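Here is a short briefing to read alongside the coordinates. Have the viewer open and follow along, topic by topic.

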Amino acid sequence: MPEYYKKSLKLAKALFPDEEWIVIEHNVWVAKSRLLQKIKEPNKWEKEMSQVRILTGRGSVAFFLPEVEIKGEKYKRCADSVLDGEITEMKTISGTRETLGGKFRLGYKQGESLLNSRLIAEKFPKRHSVYIRLLSNIHINSVKAKIAGVLKYHHGKGSFICYFEKIGELHTWTYEELRSLIGK
């Protein structure tokens, strides 16, 4: 099994202890309750699978979490997955820098809501990430600057993962690295 498999499985089980995890392809597991999405929303399912394959094809491990709403939170939907042992929300974006910033902000809140709503033992880091598949032709430095600007108001730990579809490049920056661009 890949290095992150045990770490990811442990976190997924801690978050959803009653869930059954089913392997559906190399390095991809899905909560049994989420498999209904494959039937009910095949387009959404395929979009999420094509997005995660970019990472699992490079050795990452993904556990798709159940689609649940979190009571008492402003952002009620929880993050999509545990990716390489970390809670991760995934988004596919086309549009402007403003669209990118808004979708990142939403994804950040979704991961944060899951961290705050679940009792996670101290052995799990309080980290969550956002993975964006960017279909627009926005320059890498412009993307970094936009996300850094959003992060100046948030103090959580994690990473921003961005796949630049137009140039076929995958980049990852920690939130701390991005905040350092604006001196926060």
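Start with Val143: setting aside residues up to four places away in sequence, Val143 touches Leu100, Leu134, Ile138, Phe160, Cys162 and Phe164. Keep in mind as you go that this is a predicted model.

- As general background, nonpolar side chains in soluble globular proteins tend to be buried together.

**The sheet and the helices on it**

- The model has an open sheet of 8 strands in the order 1-2-3-4-5-6-7-8, and the pairing is mixed.
- Strand 1 (21–25) and strand 8 (169–174) are the edge strands, each pairing on one side only.
- On average, neighbouring strands of this sheet are turned by 25 degrees against each other, direction ignored.
- Helix 1 (residues 3–15) lies across strands 1, 2 and 3, as well as strand 4 (81–83) and strand 5 (86–93), and runs at about 155 degrees to strand 4.
- Helix 5 (residues 140–151) also packs on the sheet, where it touches strand 6 (128–134), strand 7 (159–164) and strand 8. The direction of helix 5 makes about 150 degrees with that of strand 7.

**Strand 2 and its partners**

- Strand 1 and strand 2 run antiparallel and are joined by 4 bridges, with Val23 standing opposite Trp29 in strand 2.
- Strand 2 (residues 28–31) and strand 3 (residues 62–64) run parallel and are joined by 3 bridges.

**Turns with positive phi**

- The hairpin formed by strand 1 and strand 2 has 2 residues between the strands, and Asn27 is in its turn.
- Asn27 has a positive phi of about 65 degrees although it is not a glycine.
- Asn27 counts as buried because its relative accessible area is 6%, under the 20% cut-off.
- Asp84, in the loop between strand 4 and strand 5, is another residue other than glycine with a positive phi, near 50 degrees.

**Lys91, a buried charged side chain**

- Is Lys91 buried or exposed? Lys91, found in strand 5, has a relative accessibility of 11% and therefore counts as buried.
- The side chains of Lys91 and Glu89 meet in a salt bridge at 3.1 Å, N to O. Glu89 is buried too, with a relative accessible area of 1%.
- The side chain of Lys91 also makes a polar contact of 2.9 Å with the side chain of Gln110.
- Beyond its neighbours within four places in sequence, Lys91 is in contact with Gln51, Lys103, Leu106, Gly107, Gln110, Tyr131, Ile132 and Arg133.

**Other salt bridges**

- The model has 11 salt bridges.
- In one of them, Arg133 pairs with Glu165, and the closest N and O atoms are 2.7 Å apart. Arg133 lies in strand 6 and Glu165 in the loop between strand 7 and strand 8, so this pair ties together parts that are 32 residues apart in sequence.
- Arg133 is buried, at 15% relative accessible area, whereas Glu165 is partly exposed at 30%.
- Glu67 and Lys44 also form a salt bridge through their side chains (2.9 Å, N to O). Glu67 sits in the loop between strand 3 and strand 4 and Lys44 in helix 3 (residues 42–56), and the two are 23 residues apart.
- Both members of that pair are partly exposed: Glu67 at 40% relative accessibility and Lys44 at 25% relative accessible area.
- Glu67 and Lys44 also belong to a network of salt bridges that links them with Arg34, Glu48 and Asp80.

Note on methods
Residues are numbered from 1 along each chain as its sequence is written. This is a predicted model: local features need pLDDT of at least 70, side-chain atom pairs count only at pLDDT 80 or more; totals for chains, interfaces and linings use all residues. Side-chain values use heavy atoms; hydrogens and water are left out. Two strands pair if DSSP finds at least two bridges between them. Axes are lines fitted to C-alpha atoms, for helices over the stretch in contact, and angles run from 0 to 180 degrees between N-to-C directions. Contact means heavy atoms within 4.5 Å. Buried means under 20% relative accessible area, exposed over 50%, partly exposed in between (1.4 Å probe, protein chains only). A polar contact is a pair of N or O atoms within 3.5 Å; within protein, one must be able to donate a hydrogen and the other to accept it, and residues adjacent in sequence count only if both atoms are side-chain atoms. A salt bridge is a side-chain nitrogen of Lys or Arg within 4 Å of a carboxyl oxygen of Asp or Glu.
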